Amino acid sequence: MKIILYVFSGTGNTLAVAHLYKKFLEQYNKDNYETDKSVSVDIYRVSAKSGKFPSPENYDIVGVGYPIHAFVAPEPIVKFCKNLPKVKGKRTFIFKTSGEGLHINDCSSQKCLKILTKKGYDVVMERHIVMPYNMIYRHNDLMAKQMWIYAHALTDLNSRELLTDKREKVKRTFLKTMWVAPIGWVEQHFAHMHGTAFKVNAKKCIGCNKCVNICPQNNIKVEDGKYKFGHDCVLCMGCSFGCPKDAIKVGAFKYWKVNGSYRLNELKADKSIIFPYVPNRAKGIYRLYKKYYRECDRKLLSAGINVNDYI
């Protein structure tokens, strides 16, 4: 069995989850099937820099992954779905990430679902994984650790259900879409206009060009030693998040900027960091995550999965 994961990822959260899917999909095969039934997973990162993408016709299962932007799927993954060929009956699943588990995010895939279904893709599953924010505010280490451990447990569960042919009715929340979708539309158009407001602080910049290389939209150019930001920005925040010297100025979002890796694997292995933090120890804004983690716990326990096994 061959599986392809088409992933748009700015700061790397969704890509990290994609690698978890690869790990658990391939591991589940080794643990539960005969050795002659192999499962291999390929990951293709959706980007303006990418060339010809692997055809879904060559795979048994197709996965589409993206970070939620203003309650909707970001423009690049929607355009990518439009470019996919028609493939009748192809088993397909969607996975998405965001910094909060609010159910308002349930309708984020509506446009992608409509496109994929019209092209003949059989979308059997849509799953949401909460990961640390790359803008708005920085999650503390306790929250980031909990998010990453639960991401392991949830992608393991999702992988098991996908390989055992689980089918669920993917939500088509029309009433929510009516008022949420315009927010995303405004955000996407604003991103193109606002992108040119991004600047580089020359005093901090070390000329590593990491921002240029990480930008999935190919939106950052260097001309005569100066960095120029074009009109193709989608506010993925990859440039400002990944800058090693925090040298990117993000215009109107300066108070929402988050810079620097969360070092997720290090946090996961650090036994001095309390786990779980939510719900019992959570304080302040982190109390808002109680419902999400209680829902996760019910889902995992009903499947016989103990989240502590992933520490």
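Me: Buried means under 20% relative accessible area, exposed over 50%, partly exposed in between (1.4 Å probe, protein chains only). Which of these is Ile136?

Reply: Ile136 counts as partly exposed, because its relative accessibility is 34%.

Me: And what sort of model is this?

Reply: It's a predicted model, where local features need pLDDT of at least 70, side-chain atom pairs count only at pLDDT 80 or more, and totals for chains, interfaces and linings use all residues. Residues are numbered from 1 along each chain as its sequence is written, and side-chain values use heavy atoms, without hydrogens and water.

Me: Where does Ile136 sit?

Reply: Look in the loop that runs between strand E5 (122-130) and H4. Helices (H or I, at least four residues) and strands (E, at least two) are DSSP runs, numbered from the N terminus.

Me: A Glu, then. Is Glu161 buried or exposed?

Reply: Glu161 counts as buried, because its relative accessibility is 18%.

Me: What is Glu161 in contact with?

Reply: If you skip the neighbours within four places in sequence, Glu161 is in contact with Arg91, Met125, Arg127 and Lys166. Contact means heavy atoms within 4.5 Å.

Me: New topic: where is Lys86, and is Lys86 buried or exposed?

Reply: Lys86 is in the loop that links helix H2 (75-83) to strand E4 (91-98). Lys86 counts as exposed, because its relative accessibility is 67%.

Me: OK, on to H3. Which residues are buried there?

Reply: In H3 the buried residues are Gln110, Cys112, Leu113, Ile115 and Leu116.

Me: Last one: which helix holds Cys296?

Reply: That's helix H9, residues 290-302.

Me: Buried or exposed, for Cys296?

Reply: Cys296 is buried, because its relative accessible area is 6%.

Me: Which residues does Cys296 contact?

Reply: Leaving out neighbours within four places in sequence, Cys296 is in contact with Tyr150 and Leu154.
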